[in-house]
Amino acid sequence: MTYSNRLSQEAERSLLERLRSREEAALGELYDQLAPWVLGLARRILDDPAEADEVLSDVFEQIWEHIDRHDARRGALAPWVLSIARTRALDALRRRRRWWRKAERWGEAHLAEDGGPLSPPDPGEAGVPGWPVHQEVHAALATLPEEQRRVVVLAYFEGLTHSEIARRTDQPLGTVKTRLRIAQAKLAEGLKHLKDWRR
Amino acid sequence: MTDWLGMTPRPVAPRAELRAAVLARARGARRRPRWAVVRLAAAVLLIVAGGWWAGVSLRRLGGRVRALETRLAAAQDTMRLLRGPGTRVVQVPVRTAGRLGSVTLFADTAAGRWYVACENLAANRPDEAYQLWFATDGGMVTAALMPMDRSEPMWMALGIPAGVARVTGAAMSIEPRRGSPSPTGPMLFRLNL
């Protein structure tokens, strides 16, 4: 993909400043740009629309409360927001106390979705800010060998620890750690050029 | 994990009505009291209350320790008196209100100190009290006034008053509640040492 039509990092800095100065319209703009991704991630983890909506609400409440904790030097806004979303969604998943059962049921079902061929966008989907980044991340994940992709998915989307992944995949703990380390290095290399999520 | 992985799942367009609700809740959260502040205030309150309680407890404990030290010192003093080589022990049977009790005297005449133990004495009438006397060369000198509202064992250490040259004996009588300068009531016992 190309980033020639992407908004500059300057625009993100401006949005951040407006958020920090408590400009409510800026929160609305951020919502318009990132809510679909937050909701997509929350639904991916929780597989429950109502719970995902609740996570979405929690995430934007946390952003508004703690926007001053975002350090622009350490990365763009989108990954920071998505990390909050992931944490909140995994918290909700664990609260259910049946996450093992759900993980067992969904782990296999979503494996192809997370790294398989990307189906064409639904109408309107390609217009969502960040869609090109989504395509790139998806493609980067798809380049991983299946065994590496599997441990990445279990760690990121199911929130499993290394030991839990080892038990789930029936692999030695050392193998899991090695696969994760290699996968992380490949993803970091493949996605290092990403600085912004907007187009 | 790589930061951008959160964009792997497909985006999901939120329901239109969700936007206003989410933003309103986020903005409202800013106006709610911050839990961190509430927790901090609660912690400070807890620490202050804990400090106050600890101070009060320490003062109480200090008072109890001092009281116990006093009682221990008294007990040790009593033990020294009881073990003293010059101490004489005399037990006197006493009948009060039809019951048989006793008064035991541990008298160290050399040091001028007495220890008195009363057992099974009847309770006094409301306007009366037991009074113990030293018998001296100059007559009876009051040793102790012992009003007893209930029949219960009683112990006391006595010192011979200044100015009394020699104690020759002891006596106990029933006197008015406030005591008498000299025996006036029924004499329960009188003995010479």
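The legends below describe close-up views of a predicted model.

**View 1. Confidence along chain A.** The mean pLDDT of chain A is 82, and 80% of its residues score at least 70. The stretch formed by residues 1-7 of chain A stays under 50 throughout. For this stretch the model has nine contacts beyond four places in sequence. Where pLDDT is low, the predicted coordinates should not be read in detail.

**View 2. Helices α7 and α9 of chain A.** Two packed helices are described by the angle between their axes and the distance between the axes. Here helix α7 covers residues 146-156 of chain A and helix α9 covers residues 173-191 of chain A. Their axes are 9 Å apart and the packing angle is about 90 degrees, so α7(A) and α9(A) are roughly perpendicular to each other. From α7(A), the contact takes Glu147(A), Gln148(A), Val151(A), Val152(A) and Ala155(A). These meet Val176(A), Arg179(A), Leu180(A), Ile182(A) and Ala183(A) in α9(A). Sorted by class, the residues in the contact of α7(A) with α9(A) are seven nonpolar, one polar and two charged.

**View 3. Helices α6 and α9 of chain A.** Helix α6 spans residues 131-142 of chain A, and its axis comes within 10 Å of the axis of α9(A). The two axes cross at roughly 145 degrees, and the crossing of α6(A) and α9(A) is right-handed. On the α6(A) side the contact is made by Glu136(A), Val137(A) and Ala140(A); on the α9(A) side it is made by Leu187(A), Gly190(A) and Leu191(A). The contact of α6(A) with α9(A) holds four nonpolar residues, one polar and one charged.

**View 4. The four-stranded sheet of chain B.** Strands of a sheet pair through backbone hydrogen bonds, either parallel or antiparallel. In chain B, four strands form an open sheet in the order β5-β4-β7-β8, with antiparallel pairing. The edge strands are β5 and β8 (187-192) of chain B, each of which pairs on one side only. From one strand to the next, the twist averages 20 degrees.

**View 5. The hairpin of β4 and β5 in chain B.** Strand β5 (residues 139-146) of chain B runs antiparallel to β4(B) and is joined to it by seven bridges. Two residues lie between β4(B) and β5(B) in this hairpin. Thr136(B) has Gly139(B) in β5(B) as its bridge partner, while Ala135(B) is partnered by Met140(B) in β5(B).

**View 6. Strand β7 of chain B and its two neighbours.** Strand β4 (residues 128-136) of chain B and strand β7 (residues 167-176) of chain B pair in the antiparallel sense over nine bridges. Tyr130(B) stands opposite Ile174(B) in β7(B), and Trp133(B) stands opposite Ala171(B) in β7(B). Five bridges join β7(B) to β8(B), again in the antiparallel sense. Ser173(B) has Met187(B) in β8(B) as its bridge partner.

**View 7. The contact between chains A and B.** Chain B contributes 23 residues to the contact and chain A contributes 42 residues. On the side of chain B that touches chain A, 14 residues are nonpolar, three are polar and six are charged.

How values were computed: Residues numbered from 1 in each chain as written. Chains lettered and ligands numbered in written order. Predicted model: local features only at pLDDT ≥ 70, side-chain atom pairs only at ≥ 80, totals over all residues. Contact = placed C-beta atoms within 7 Å. Nonpolar A, V, L, I, M, F, W, Y, C, P; charged D, E, K, R; others polar. pLDDT = per-residue confidence, 0-100. Axes fitted to C-alpha atoms, helices over the stretch in contact; angles between N-to-C directions. Parallel < 35°, antiparallel > 145°, perpendicular 65-115°, else oblique. Left-handed = near helix turned anticlockwise from the far one by under 90°. Pairing = 2+ DSSP bridges.
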